[in-house]
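Please consider the following structure together with its sequence.

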Amino acid sequence: MAKKKSRIWKIIILIFSTSIIVMLIVMLYQWISEKRTTFIEYREFGIKIPVNYSIHGIDVSKYQDVINWQQVKDMRVADVHISFAFVKATEGLGNEDVMFGRNWKKIKAAGLVRGAYHYFLPTKSGKAQAENFINSVTLLPGDLPPVLDIEQAYGVAPEKLRQRAKDWLQTVQAYYGTPPIIYTNVDFYQHYLKEDFDGYLLWAAHYLQPMQPRIYRPWSFWQHNEKGRVSGIYTIVDFDVFNGDSLEFRKLLLN
């Protein structure tokens, strides 16, 4: 009986010791990964920027006021420069961002890749909101796909929110002939959208993460900071990266 109890205790100790070792190995791996993929702080940009992405961009709206897009294009610090810009086009049923027309023309004139987004109101018809976007935005070869910015529920039931978002996505895709990108924050996606929207490219907002947004699914763009500084813009601005190389980026553009 004593020998049997001794064997049981040895097994328990072995299992416990093995668990501790495995946990330490996992922690060491995570630590090494974070050291290998980290941020570098650029004083000129005013923020830390993830190092292992080569294509950087920003996103703007009327809150950035009048922007000198040539200065944005010309700013380069080490190997970091702005290659693309998403700009707010519309919101809800009848609103166009007051700076959209100017931004849309000037971004292209400066030689940056441009993309347009619609701020979605789940309280309104998805199809009608899509028509608002379509009436405002002319996409040309070399532009990024249209973007649905959905980040607030405004008290709408999840099922209704998802259906209205699908109406917007399907209407816009039918018009432009390309699947839109979804922009949202990680928590909203996982709480409201989930598997129903996993087939769309994702632009994920998740700030101050060391390597990438913490989300279960693949993503294409990452808004990693909302307090960046760029020449030609007198306010703080959101910073983004593309999850891929220049060839993958070019394949994403409209043709």
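Asp 65 has a relative accessibility of 47% and is therefore partly exposed, a class that lies between buried (under 20% relative accessible area) and exposed (over 50%), with a 1.4 Å probe and protein chains only. This residue sits in the loop between strand 3 (56-60) and helix 2 (69-74); helices (H or I, at least four residues) and strands (E, at least two) are DSSP runs numbered from the N terminus. The phi angle of Asp 65 is near 60 degrees, a positive value in a residue other than glycine. A positive phi is also found at Lys 194, another residue other than glycine, where the angle is near 50 degrees. Lys 194 belongs to the loop between helix 6 and strand 10 (201-205) and is partly exposed, at 33% relative accessible area.

The model is predicted: local features need pLDDT of at least 70 and side-chain atom pairs count only at pLDDT 80 or more, while totals for chains, interfaces and linings use all residues. Residues are numbered from 1 along each chain as its sequence is written, and side-chain values use heavy atoms, with hydrogens and water left out.

The protein chain comprises 7 helices and 12 strands. Of its 255 residues, 47% count as buried. Contact means heavy atoms within 4.5 Å; among contacts between residues at least 6 apart in sequence, 66% join residues at least 24 apart.

Helix 4 (residues 126-136) packs with helix 5 at an angle of about 35 degrees, and their axes are 7 Å apart. Here axes are lines fitted to C-alpha atoms, for helices over the stretch in contact, and angles run from 0 to 180 degrees between N-to-C directions. On the helix 4 side, the residues in contact include Ala 130, Phe 133 and Ile 134, and on the helix 5 side they include Trp 168, Val 172 and Tyr 176. By class, this contact has 7 nonpolar, 3 polar and 3 charged residues, where Ala, Val, Leu, Ile, Met, Phe, Trp, Tyr, Cys and Pro count as nonpolar, Asp, Glu, Lys and Arg as charged, and the others, Gly among them, as polar. Gly 126, Gln 129, Ala 130, Asn 132, Phe 133 and Ile 134 of helix 4 are buried. The buried residues of this helix pack against strand 5, strand 6 (95-96), strand 7 (113-119) and helix 5.

Helix 5 (residues 158-176) also packs with helix 6 (residues 186-193), at an angle of about 105 degrees and with axes 10 Å apart. The two helices are therefore roughly perpendicular, the term for angles of 65 to 115 degrees. Pro 158, Leu 161 and Arg 162 of helix 5 meet Phe 188, Tyr 192 and Leu 193 of helix 6 in this contact. Its residues divide into 5 nonpolar, no polar and 1 charged.

Two buried residues remain to be described. Lys 88 lies in strand 5 (residues 80-91) and counts as buried because its relative accessibility is 10%. Beyond its neighbours within four places in sequence, Lys 88 is in contact with Val 60, Ser 61, Asp 97, Phe 100, Tyr 117 and Tyr 119. Pro 145, in the loop between helix 4 and strand 8 (147-149), is buried at 1% relative accessible area. Not counting residues up to four places away in sequence, Pro 145 touches Ala 116, Thr 178, Pro 179, Ile 181, Leu 252 and Leu 254.

Technical notes. Parallel < 35°, antiparallel > 145°, perpendicular 65-115°, else oblique.
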